[in-house]
Amino acid sequence: MDAQAALDELTILSRQVVEAVLLAADGRVAASTVADEGRADALARAGQELLSVAAGVRAGGPAVERVEVALDEGSLFLVRDAGRTLVATTVADATPGLVLYDLRTALRRSAEAPARRRRTRSRPDTAETAGGDA
Amino acid sequence: MRKLLLLTALATLAWRLWRRSRDAGELERAIVGYEDGSSLVLDPGTPEHERVVAVAREALGR
(Lines give C-alpha, C1' and ligand atoms only; values in the text may rest on other atoms or scores of the structure.)
Protein backbone atom coordinates (compact mmCIF):
# COMPACT_ATOMS: atom_id res chain seq x y z
CA MET A 1 0.00 0.00 0.00
CA ASP A 2 1.45 3.39 -0.90
CA ALA A 3 1.43 6.41 1.38
CA GLN A 4 -1.55 8.13 -0.21
CA ALA A 5 -3.66 5.00 -0.12
CA ALA A 6 -2.80 4.52 3.56
CA LEU A 7 -3.97 8.03 4.38
CA ASP A 8 -7.11 7.68 2.32
CA GLU A 9 -7.88 4.47 4.17
CA LEU A 10 -7.22 6.22 7.48
CA THR A 11 -9.81 8.92 6.90
CA ILE A 12 -12.33 6.37 5.67
CA LEU A 13 -11.91 4.05 8.65
CA SER A 14 -11.51 6.66 11.38
CA ARG A 15 -14.43 8.91 12.11
CA GLN A 16 -12.30 10.97 14.44
CA VAL A 17 -9.43 11.89 12.13
CA VAL A 18 -10.28 14.94 10.04
CA GLU A 19 -7.03 15.67 8.20
CA ALA A 20 -3.74 13.84 7.93
CA VAL A 21 -0.40 14.72 6.42
CA LEU A 22 2.53 12.35 6.06
CA LEU A 23 5.98 13.87 6.21
CA ALA A 24 9.04 12.24 4.73
CA ALA A 25 12.28 12.10 6.67
CA ASP A 26 13.37 15.38 5.09
CA GLY A 27 10.21 17.15 6.27
CA ARG A 28 8.49 17.46 2.91
CA VAL A 29 4.87 16.43 2.48
CA ALA A 30 4.87 12.89 1.13
CA ALA A 31 1.11 12.39 1.15
CA SER A 32 -1.92 14.25 2.39
CA THR A 33 -5.67 13.99 2.71
CA VAL A 34 -5.92 17.75 2.31
CA ALA A 35 -6.65 19.04 -1.16
CA ASP A 36 -5.30 22.51 -0.40
CA GLU A 37 -1.51 22.41 -0.71
CA GLY A 38 -1.11 25.46 1.51
CA ARG A 39 -3.13 23.78 4.23
CA ALA A 40 -1.02 20.63 3.97
CA ASP A 41 2.13 22.72 4.27
CA ALA A 42 0.70 24.49 7.32
CA LEU A 43 0.02 21.15 9.01
CA ALA A 44 3.51 20.00 8.11
CA ARG A 45 4.98 23.11 9.72
CA ALA A 46 2.82 22.57 12.79
CA GLY A 47 4.12 19.03 13.03
CA GLN A 48 7.72 20.13 12.80
CA GLU A 49 7.12 22.77 15.45
CA LEU A 50 5.56 20.19 17.75
CA LEU A 51 8.53 17.90 17.22
CA SER A 52 10.96 20.69 17.92
CA VAL A 53 9.28 21.67 21.19
CA ALA A 54 8.78 18.06 22.29
CA ALA A 55 12.40 17.15 21.61
CA GLY A 56 13.52 20.10 23.69
CA VAL A 57 11.57 18.90 26.72
CA ARG A 58 13.97 16.01 27.20
CA ALA A 59 17.03 17.15 25.35
CA GLY A 60 19.44 14.28 24.95
CA GLY A 61 16.77 11.79 25.91
CA PRO A 62 14.98 9.22 23.77
CA ALA A 63 13.47 10.26 20.45
CA VAL A 64 9.95 11.62 20.35
CA GLU A 65 7.44 8.99 19.21
CA ARG A 66 4.19 10.91 19.61
CA VAL A 67 2.78 14.27 20.59
CA GLU A 68 -0.84 14.82 21.46
CA VAL A 69 -2.38 18.22 22.05
CA ALA A 70 -6.05 18.20 22.94
CA LEU A 71 -8.07 21.42 22.87
CA ASP A 72 -11.76 22.02 23.20
CA GLU A 73 -12.15 22.44 19.43
CA GLY A 74 -10.20 19.29 18.51
CA SER A 75 -6.84 17.65 18.82
CA LEU A 76 -3.55 17.72 16.97
CA PHE A 77 -1.68 14.42 16.91
CA LEU A 78 1.77 13.50 15.70
CA VAL A 79 3.25 10.03 15.51
CA ARG A 80 6.68 9.02 14.25
CA ASP A 81 8.23 5.83 13.05
CA ALA A 82 11.46 5.19 11.19
CA GLY A 83 11.92 8.83 10.30
CA ARG A 84 8.43 9.25 8.90
CA THR A 85 5.98 11.53 10.65
CA LEU A 86 2.21 11.57 10.50
CA VAL A 87 0.40 14.72 11.60
CA ALA A 88 -3.37 14.65 12.02
CA THR A 89 -6.19 16.80 13.27
CA THR A 90 -9.25 15.28 14.89
CA VAL A 91 -12.74 16.20 15.92
CA ALA A 92 -13.37 17.52 19.42
CA ASP A 93 -13.39 14.96 22.22
CA ALA A 94 -11.51 12.38 20.19
CA THR A 95 -10.50 9.17 21.93
CA PRO A 96 -6.69 9.34 22.10
CA GLY A 97 -6.12 5.59 22.26
CA LEU A 98 -8.20 4.90 19.17
CA VAL A 99 -6.73 7.79 17.21
CA LEU A 100 -3.17 6.75 18.04
CA TYR A 101 -3.92 3.16 17.01
CA ASP A 102 -5.33 4.34 13.68
CA LEU A 103 -2.44 6.72 13.06
CA ARG A 104 0.20 4.11 13.86
CA THR A 105 -1.53 1.61 11.61
CA ALA A 106 -1.64 4.13 8.77
CA LEU A 107 1.99 5.05 9.30
CA ARG A 108 3.04 1.41 9.22
CA ARG A 109 0.95 0.69 6.14
CA SER A 110 2.29 3.76 4.35
CA ALA A 111 5.73 2.18 4.49
CA GLU A 112 4.58 -1.08 2.97
CA ALA A 113 5.39 -1.72 -0.64
CA PRO A 114 2.44 -1.37 -2.97
CA ALA A 115 0.62 -4.67 -3.30
CA ARG A 116 1.61 -6.54 -6.42
CA ARG A 117 -1.04 -7.90 -8.65
CA ARG A 118 -1.13 -11.63 -8.68
CA ARG A 119 -0.20 -12.91 -12.10
CA THR A 120 -2.56 -15.42 -13.53
CA ARG A 121 -1.37 -18.08 -15.85
CA SER A 122 -2.66 -17.91 -19.34
CA ARG A 123 -4.25 -21.04 -20.56
CA PRO A 124 -3.60 -21.09 -24.30
CA ASP A 125 -4.87 -24.64 -24.72
CA THR A 126 -8.26 -23.64 -23.29
CA ALA A 127 -8.43 -20.63 -25.57
CA GLU A 128 -7.53 -22.71 -28.56
CA THR A 129 -10.15 -25.24 -27.66
CA ALA A 130 -12.75 -22.55 -27.23
CA GLY A 131 -11.72 -21.00 -30.53
CA GLY A 132 -11.83 -24.33 -32.21
CA ASP A 133 -15.32 -25.02 -31.05
CA ALA A 134 -16.63 -21.71 -32.29
CA MET B 1 -32.81 35.27 54.92
CA ARG B 2 -31.67 37.75 52.31
CA LYS B 3 -28.07 37.30 53.41
CA LEU B 4 -28.42 33.55 53.13
CA LEU B 5 -29.75 33.80 49.58
CA LEU B 6 -26.96 36.19 48.62
CA LEU B 7 -24.38 33.86 50.10
CA THR B 8 -25.86 30.89 48.23
CA ALA B 9 -25.84 32.81 44.96
CA LEU B 10 -22.23 33.84 45.43
CA ALA B 11 -21.20 30.31 46.31
CA THR B 12 -22.96 28.95 43.22
CA LEU B 13 -21.30 31.53 41.02
CA ALA B 14 -17.88 30.77 42.47
CA TRP B 15 -18.43 27.03 42.01
CA ARG B 16 -19.46 27.49 38.38
CA LEU B 17 -16.44 29.67 37.65
CA TRP B 18 -14.16 27.12 39.28
CA ARG B 19 -15.72 24.30 37.26
CA ARG B 20 -15.36 26.25 34.02
CA SER B 21 -11.71 27.06 34.63
CA ARG B 22 -11.00 23.48 35.68
CA ASP B 23 -12.69 22.04 32.58
CA ALA B 24 -10.81 24.46 30.34
CA GLY B 25 -7.55 23.38 31.89
CA GLU B 26 -8.38 19.71 31.43
CA LEU B 27 -9.22 20.16 27.78
CA GLU B 28 -5.91 21.81 27.02
CA ARG B 29 -3.86 18.68 27.44
CA ALA B 30 -0.43 18.12 25.92
CA ILE B 31 1.37 14.78 26.10
CA VAL B 32 4.70 13.75 24.65
CA GLY B 33 5.58 10.09 24.19
CA TYR B 34 9.05 8.74 23.58
CA GLU B 35 10.49 5.75 21.78
CA ASP B 36 11.42 4.06 25.04
CA GLY B 37 7.74 3.93 25.98
CA SER B 38 7.90 6.74 28.49
CA SER B 39 5.65 9.76 28.27
CA LEU B 40 5.08 12.98 30.09
CA VAL B 41 2.30 15.50 30.41
CA LEU B 42 3.35 19.07 29.80
CA ASP B 43 2.30 21.18 32.74
CA PRO B 44 -0.06 24.03 31.91
CA GLY B 45 1.71 27.32 32.24
CA THR B 46 5.12 26.05 31.15
CA PRO B 47 6.59 27.57 27.98
CA GLU B 48 6.49 24.17 26.22
CA HIS B 49 2.81 23.69 27.02
CA GLU B 50 1.92 27.19 25.91
CA ARG B 51 3.87 26.75 22.68
CA VAL B 52 2.34 23.43 21.63
CA VAL B 53 -1.14 24.65 22.55
CA ALA B 54 -0.58 27.72 20.39
CA VAL B 55 0.64 25.56 17.50
CA ALA B 56 -2.34 23.23 17.84
CA ARG B 57 -4.80 26.10 18.09
CA GLU B 58 -3.42 27.61 14.91
CA ALA B 59 -3.43 24.23 13.12
CA LEU B 60 -7.01 23.52 14.19
CA GLY B 61 -8.22 26.92 13.05
CA ARG B 62 -9.50 25.42 9.87
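Two strands count as paired if DSSP finds at least two bridges between them; helices (H or I, at least four residues) and strands (E, at least two) are DSSP runs, numbered from the N terminus. This is a predicted model, in which local features need pLDDT of at least 70, side-chain atom pairs count only at pLDDT 80 or more, and totals for chains, interfaces and linings use all residues. Residues are numbered from 1 along each chain as its sequence is written, while chains are lettered from A and ligands numbered from 1 in the order in which they are written.

Start with β4 (residues 74–81) and β5 (residues 84–90) of chain A, an antiparallel pair joined over six bridges. Here A:Leu76 sits opposite A:Thr89 of β5(A).

Now zoom out. Both strands belong to an open, antiparallel sheet of seven strands, ordered β2(A)-β1(A)-β5(A)-β4(A)-β3(A)-β1(B)-β2(B). β2 (29–32) of chain A and β2 (39–41) of chain B stand at the edges with a single partner strand each, so one side of each has no neighbour in the sheet. Chain B itself follows the pattern α-β-β-α along its sequence.

Which residues does A:Val87 touch, beyond its neighbours within four places in sequence? This residue of β5 in chain A is in contact (C-beta atoms, placed from the backbone, within 7 Å) with A:Val21, A:Leu23, A:Leu43, A:Ala44, A:Ala46, A:Gly47 and A:Leu78. A:Val87 counts as buried because it has 28 C-beta neighbours inside 10 Å; buried requires 20 or more other C-beta atoms within 10 Å, exposed 12 or fewer, and partly exposed lies in between.

Technical notes
Contact = placed C-beta atoms within 7 Å.
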